[in-house]
Amino acid sequence: MKRYEAGSEWRKWDLHVHLPGTKLSDGYKKKDGKVDWPRFADALENSDVNVIGITDYFSAAAIFDFIHFFRARFQNSEKVLLANVELRLNEAVNENGDLVHFHVIFRDDVDEAAVAEFLGALQTQITTAGGKKLNCGNLSTPVQYKTATVSRDDLHQAFVHAFGTKADETDHLIYLAPANNDGIRAMKGNRRKSALADEIDKTAHAFFGNSGNRDYFLQRDRYEDKTHRAPAKPVFSGCDAHNFEDLEAWLGKDVDVNGTRQEVTWIKADPTFAGLQQTLIEPAERVWIQPTRPDEKEPYKVIRSVRFTGSKDFPAKITLNGNLNAIIGSRSSGKSALLAHIAHAIDPAYTISQQVMASHLKESEVGPAAGKTWRSVASTTCEVEWSDSSASSGSVIYVPQNWLYEISDNPAEVTAKIEPALRAKYEPFFREHERLVAAVVSTNNSIGRSVDRWFAQSNKADQVGEEIKRVGEKTAIEKARDDLKAEIDRVRKDYALSEEDLERYQEVIAAIADNTDRIKAIDREETVLDPYVTSSGGDFMATPATVQVSIETTPTQDELPKPLRSAVAGLVQGAAQTLTVELEKAVVAYRTAIERERATLERERTELTTDNQTLIEKHEANKKLDGLVKRHGEQVEALKLIADLEVKRQDLLTEAATAEGRIVSLLHTRSQTISDLAQNFTREVRELDDLIFGLEMEIPPKRVTALSEPFRKNESGTYVTREGDETFVDIAKAQADPHGFLTDVRSGKQRLNAGYDRLHTVKHVLQASPEIRFTAELEDDVIGGFRKSTMTPGKQALFALTLILNEAQDTWPLLIDQPEDDLDSRSIYAAIVPYLQKRKRERQIILVTHNANLVVGADAEEVVVANRHGDDSKNRDRRTFDYLTGSLEHTATTNSQFALERMGIREHTCEILDGGEEAFHKRAEKYKL
């Protein structure tokens, strides 16, 4: 049997085309009085239909004659022609009472003598004058062909006669019944007819019909008697052409014109009878009736072949299928090496990182196989050829051996894998999720700025407090002031100074002192402003480039989306420029104003001194009184300074309290945001196939340890606890009472290790927010979150594969190396096989496996049989690794000296995965199923 290297591929089939000269309803025009087989043959060869059923009524002789004619005319043709003998049963089920037509399609390499023997043994209901029934081979007149019928029992007897009692029907022929018209569509409401239709259904292996019949014959409960399960069976559309016009208009075409409806049948199989047999096993997967090719993928995302150069270890080219490719072989036969080379050829860095994760080896230690590093095989060049010849690069999802378990055993990686799979199904939640996460980040930034503010203002308040201490104790100064006042009163009486004189003197002295103090203050202010103001011709102006404005925003510009960031930056820059101009004006105006104030003050001081010169001289003569008055004034000034400093300190404390209040508010806001996120997730059940997802939020233990590092070990405190020899900060308690936590750490009551900054320590603790991790539940076992998985290794691998196969909206090829490791066969068949069957329609899959379920159960379109050269398993050209590719339907046996050429794909698969035919049958006998 011919082997098709790319395995089972979608091709057009039409199994119902009548040849010119057909026994009934022959509408083909003759040429020179003869049937025009050349025109018919040309029409078939020029069509895009790969397999054609050449049909005639009750006879195969003309069919085989035409097939020989076609082969002689087109010796290199790829077309496959199957003999289709159309019969008529002696049973009717439709409303018109039409007898059911019945087709027999023979295998492509059938012995023509066996077909003649079958038809010769197949008796009809037509009898001779002597009462003897005519067989199909004896029919000769148009009337006989038009009226002949056969029974289903006669069909069975004829098969046994031609092929033997132990022969399987479908190994030699396939029975098809029409679903409509002269088929088995039973009369509505007639249970007897429906039951009869079911019996014909049971006899037929497949049906001719249309896309509307497909789902019905795939149903397992379609029989009238619901206690019996019906096998799913394929439906094929055939053009049933009886003339050249219909043939050329309908063959391989989707037509819906003037009441004529013709559809295209696509079959995913080798264009052989063995390929047709596969449709009986996989009717839902292998057959589609539709205008376009099923499972059509982007050609630039499908690997068509792999080429090797620079090495004798691999063949020059390996052809691949666009759907499921299963690489099988004995141990160390080059299965994983081939897969790794393909992945590495597409994305080397990614492939190496995946291997590192799966193996725990260093990057320099991983390679295509055990003992081989990528550096050691650098001379081997592997090139991937995409189905789109213009594509030169692409992407791939590569899952090395053991990777499924490794990725599942890391809780953080579990969340990283769950999120994209969930995102594809629950996009609205993740849009809200991203918004809330951004809000938490922004809130944490605001908390940090508020902590900075609290520390800054608290530190300044302490500095002012120190200034107050340096001035002196307020009560002591007040007492000194009062004592001096009493002494002044006594001296006044002693020197007979009038009250009015003394009061006036004190007022003048005080006024002069105030005047002098203000001039001194102006001196200080001028010193502050001197760097920013210059004078010219008596006028003041701003010193260029000294006055600057900085604007801080919440959210910060770095937190904003890039398009918004530039707009906000423009706003901030404009505002800063405007404020700078205004600030310069204000500084110049103030410098001008205090200069004028100084002139006024100096003039007023001169006037005070001049106007009260007699009074001053009188009292200055009394040095004692003058000294007392001065000392009294100093105490008054000291108390005034203390009052000013206390106001300043209180303002700073108020600002610190405001920052503290904002911290409290922000912590509450963050808590509410996180709570909202959890509620949004749990508002509905989040599931994917058999997985049910949950959400856990907490600060990871490693993060708690890092945040606790600054705090002194072996010490307890209000916000610190001891567990054995370790000290841990109580984050929840600190965030619940930020005032106490801030105060204790800043004051030193809560001591820190040397080298740790108090501000940063507090900030980090208050900014600490729960990490969000997803969990997945499978049959009451949970993985992910913050706890150790309760899943078995097998379940963990199943979980990881479920996510991989549901991940990403892109459809780049998926390469998996032995996903069955740690999985039981039931899980593989019940879970992994359906996944592969579904996903291979969406993306190319290349799979290394030892499991028959993943190859046969998932109906791999291509099997790649790997072989390592050895004395008893030789490869051509003695290459280290060689590969045989083809479909599961390919079968062959030879006496070749080369291991891969001794058998077909089917035989290799049975031997490698099931231990050979004998072992397979022995297990089947033991199971007694």
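Three strands form an open sheet in this predicted model, in the order β15-β14-β17 and with antiparallel pairing; two strands pair if DSSP finds at least two bridges between them. Helices (H or I, at least four residues) and strands (E, at least two) are DSSP runs, numbered from the N terminus. The edges are taken by β15 (317-319) and β17 (381-386), each with a single partner strand, so one side of each has no neighbour in the sheet. From one strand to the next, the twist averages 20 degrees. Strand β14 (residues 303-309) runs antiparallel to β17 and is joined to β17 by six bridges, and threonine 309 has threonine 381 in β17 as its bridge partner. Across β14, β15 and β17 lies helix α11 (residues 335-346), running at about 75 degrees to β17. Axes here are lines fitted to C-alpha atoms, for helices over the stretch in contact, with angles from 0 to 180 degrees between N-to-C directions; contact means heavy atoms within 4.5 Å.

Residues are numbered from 1 along each chain as its sequence is written. As this is a predicted model, local features need pLDDT of at least 70 and side-chain atom pairs count only at pLDDT 80 or more, while totals for chains, interfaces and linings use all residues; side-chain values use heavy atoms, leaving out hydrogens and water.

A further open sheet has nine strands with mixed pairing, in the order β9-β8-β7-β4-β3-β2-β1-β12-β13. Here β9 (235-236) and β13 (287-289) stand at the edges with a single partner strand each, so one side of each is left without a neighbour in the sheet. Strands β3 (residues 80-92) and β4 (residues 99-106) run antiparallel and are joined by six bridges, with asparagine 84 partnered by isoleucine 105 in β4. Helix α1 (residues 37-46) lies across β1 (10-18), β2 (51-57) and β3, at about 150 degrees to β2. Helix α6 (residues 191-203) also packs on the sheet, where it touches β3, β4, β7 (173-178) and β8 (206-208), and its direction makes about 155 degrees with that of β3.

Within this sheet, how many residues of β7 are buried? Six of its six are, where buried means under 20% relative accessible area with a 1.4 Å probe, protein chains only (exposed is over 50%, partly exposed in between). Leu173, Tyr175 and Ala177 lie on one side of β7, and Ile174, Leu176 and Pro178 on the other. Pairing between β4 and β7 is antiparallel over four bridges, and valine 104 has tyrosine 175 in β7 as its bridge partner. By contrast, β7 and β8 pair in the parallel sense over three bridges, with alanine 177 partnered by phenylalanine 207 in β8.

Turning to helix packing, the axes of α3 (residues 112-121) and α5 (residues 152-163) come within 8 Å and cross at roughly 145 degrees. On the α3 side, Ala114, Glu117, Phe118 and Ala121 take part, and they meet Leu155, Ala158, Phe159, His161, Ala162 and Phe163 in α5.

Finally, valine 729 lies in strand β24 (residues 726-729) and counts as buried at 4% relative accessibility. Tyrosine 719 is ten residues away from valine 729 in sequence and 5.9 Å away in space, C-alpha to C-alpha. Leaving aside residues up to four places away in sequence, valine 729 touches Val704, Leu707, Ser708, Phe711, Tyr719, Val720, Phe741 and Val765.
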